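Visitor: I would like to learn how to read a few features of a model like this one. Could you walk me through them?

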Amino acid sequence: MNFFKESRKFLFLSLLIYVVLKSVFSLGIVSQYIEQITLYAFIVILASLGLNVIYGYTGQFSLGHAAFYGLGAYVSAYLTRVFGIEGVLGFLPAIVVSGVVTGAVGYVIGIPVLKLRDDFLAIATLGLGTLFKVILDNSDKITDILGGSRGFVGIPRITNLELTLSVMVFLILVTRNIIFSRYGLFWRCIKNDELAAVSIGIDTARMKLMAFSFGCALAGVAGALYAHLYTFLHPSNFDILKSIDFLIIVIIGGMGSITGTIYAGLIWVGVIEGLRILLPTDMLDLRWVLIPLFLIILMMWRPYGLITKTSRWGRS
Amino acid sequence: MEVLGYICDQCINGLQLGAVYALIALGYTMVYGVLRLINFAHGDIFMLGAFIAYYFIAKLSIPIYFVFVITMVLTGCAGFIIEKVAYKPLRKAPRISLLITAVGVSLFLEYFLSLKAIFTPDYIGFPRPFEVTAYDLGLFSITNVQLLIFAVTGAALTGVYYLVYRTKQGKAMRAVSYDEEVASLMGINIDRTISFTFVVGASLAGVGGILYGIAYPQINVFMGVMPGIKSFIAAVLGGIGIIHGAVLGGFIIGLSEVFVSAFLSSTFRDGVIFIILFVVLLLKPSGIFGKRIEKV
């Protein structure tokens with residue numbers, strides 16, 4: 001099995017994590033809240049991994065990642081509501097469909113948008129995020145279930161530890177294998193020097209599109225898991241701040257580092273939710289004063305990311 | 001007749017909004033010209049301008065023309081400080097780092113002001129310094145607020161034009177935006193030129209903030225986000241780095257926003273603006289007045 005080669009350690013580790021988490025959860029040592037946060041951290045890692053493929057590996061700066069995350073969430077929630085899915089078996093196809101739909105939408109949008117570079121790509125993807133939010137706010141005009149600006153309610157809670165962990169581990173392995181394949185090499189070529197990549201015969205437009213739609217699909221799957229963890233969706237959950245969340249994780253973890261993204265996702269969700277517990281409610285807004293400050297200092301100190309230790313797992 | 005009058009009224013409203021966008025877009029376009037940076041914090045300087053004016057009008061009741069001067073000076077200082085503290089250390093860093101820093105500065109300004117201890121996240125009423133009177137001109141009517149906005153925008157525009165095309169400092173700005181390295185070889189102080197551009201751009205945004213506050217008398221710490229992005233779109237639409245392009249773009253964006261709100265639905269307003277952005281970026285990325293077809 002080539003697929004699992006060199007990843008036995010990772011699989012073993014995830015199994016260990018599963019056993020530990022499962023026993024902790026079922027013994028009732030931690031509250032339901034902590035349990036939810038843990039699953040949420042895995043979901044965030046998955047979505048950030050998508051952004052890392054787009055930005056960290058291929059160098060395409062996207063500020064609209066939350067739109068794809070939201071798209072996946074809405075597609076999956078809509079499917080489970082329409083077909084009345086309640087169990088994990090029915091949910092799996094819904095996850096796959098939302099991943100495929102998100103990837104396809106990313107592909108179609110990417111064809112024109114990825115021609116832009118740097119700042120202009122940033123502003124276009126930012127616009128995409130806003131456009132998506134406008135559509136969501138008006139989505140009750142399409143069908144009533146989507147709820148528009150009132151929010152999407154009544155989504156069954158299906159996401160559980162086994163599902164989240166196995167989907168995450170599977171997709172991390174897929175991503176890792178793509179990164180180590182020819183395509184991953186092309187992506188990193190494009191990131192380092194697009195002109196040089198063209199000159200050695202890489203079809204940069206196709207490669208950028210591939211990376212973009214793959215990254216979007218990862219966000220879509222993460223969104224599907226998110227929708228069925230929190231059972232309520234609101235357009236404001238998928239605005240620019242959410243995109244910045246993912247961006248910060250990618251930057252902290254180091255661009256083009258899968259392990260970095262995993263650590264950074266865990267740390268980030270831990271810090272954000274930890275501050276929610278530690279800070280009194282009226283000081284909660286202080287988080288968004290400290291986060292940008294942290295971001296600015298980080299950019300001055302380490303413009304290429306915080307965790308920059310070389311790792312076997314595909315650092316560019 | 002009735003419909004025509006309605007359309008004319010909406011035109012005036014659109015021009016009013018467009019004039020404010022044009023003022024903000026001028027700063028964007030100038031900063032982009034010299035630094036190649038989308039200064040996301042620019043929209044928040046606009047917000048800062050409205051808040052400074054609020055403070056001086058409501059709390060200290062200082063006459064309006066004086067408020068303009070104070071606000072311009074203070075927002076200019078804010079622009080100067082932001083450039084020196086946040087952007088200057090990153091002059092040699094990758095451009096994306098600069099962009100992320102700009103997003104960070106923008107978020108910081110918003111959430112810092114929204115803290116209960118500093119200010120408030122709620123909407124507050126902006127005190128109008130004078131009574132609004134409408135002058136009926138037959139087909140449409142125009143208010144003194146709108147006249148003020150047009151007059152101030154016109155004056156600012158003339159000032160900027162004079163500054164950029166007739167003064168030595170403006171020549172330096174154009175030289176830096178054309179080629180930074182060669183400009184520095186010619187003895188132009190790059191740092192000073194960039195700082196100067198930031199100060200001018202920020203004080204224009206401050207003026208825009210006061211006008212916006214007078215026209216739409218509700219201010220909020222997050223009010224700068226959307227006008228900021230839309231003004232940037234206006235700058236792109238007119239051709240980024242081109243001064244009259246920014247103004248024309250501002251008017252186009254203002255008019256389309258008002259017309260979409262009036263004839264379609266106000267919820268589609270932001271969506272339409274971004275569709276305009278996509279169309280411009282895809283068909284003519286250099287903007288309406290852009291000469292070089294530059295692959296962006």
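Visitor: What radius of gyration would a compact globule of 296 residues have, and what does chain B have?

Guide: Bear in mind that this is a predicted model. A compact globule with 296 residues would have a radius of gyration near 19 Å, and chain B has 19 Å, so the two agree. Along the principal axes, the C-alpha atoms of chain B fill a box of roughly 60 × 45 × 35 Å.

Visitor: How many helices and strands are there in chain B?

Guide: Chain B has 11 helices and four strands. Of its 296 residues, 55% count as buried. Take the contacts between residues at least 6 apart in sequence: in chain B, 74% of these join residues at least 24 apart.

Visitor: How should I read an interface?

Guide: The size of an interface is often given as the accessible area lost when the parts come together. Here, the area buried between chain A and chain B is about 3600 Å², and carbon and sulfur atoms give 81% of that. On the chain A side, Asp119(A), Phe120(A) and Ile123(A) lose the most area to chain B, together 19% of what that side buries. The contact takes 38 residues from chain A and 43 residues from chain B.

Visitor: Is Leu233(A) buried or exposed?

Guide: A residue is called buried when its relative accessible area is under 20%. Leu233(A) has 0%, so it counts as buried. Its place is the loop between α9 (204–230) and α10 (240–253) of chain A.

Visitor: Which residues is Leu233(A) in contact with, leaving aside neighbours within four places in sequence?

Guide: Among them are Ala73(A), Tyr74(A), Ala77(A), Gly151(A), Phe152(A) and Phe238(A). Tyr74(A) is 159 residues from Leu233(A) along the chain, yet their C-alpha atoms are separated by 7.6 Å.

Visitor: And what can I look for in backbone angles?

Guide: Look for a positive phi in a residue other than glycine, such as Thr231(A), where phi is near 60 degrees. Thr231(A) lies in the loop between α9 and α10 of chain A, and is partly exposed at 26% relative accessible area. In chain B, Arg36(B) also has a positive phi, near 55 degrees. Arg36(B) sits in the loop between α1 (2–35) and α2 (42–59), and counts as partly exposed at 33% relative accessibility.

How values were computed:
Residues are numbered from 1 along each chain as its sequence is written. Chains are lettered from A and ligands numbered from 1 in the order in which they are written. This is a predicted model: local features need pLDDT of at least 70, side-chain atom pairs count only at pLDDT 80 or more; totals for chains, interfaces and linings use all residues. Side-chain values use heavy atoms; hydrogens and water are left out. Helices (H or I, at least four residues) and strands (E, at least two) are DSSP runs, numbered from the N terminus. Buried means under 20% relative accessible area, exposed over 50%, partly exposed in between (1.4 Å probe, protein chains only). Contact means heavy atoms within 4.5 Å. The radius of gyration is taken over C-alpha atoms; the globule rule is 2.2 Å times the number of residues to the power 0.38. Buried area is the accessible area (1.4 Å probe) that two parts lose on being put together, summed over both.
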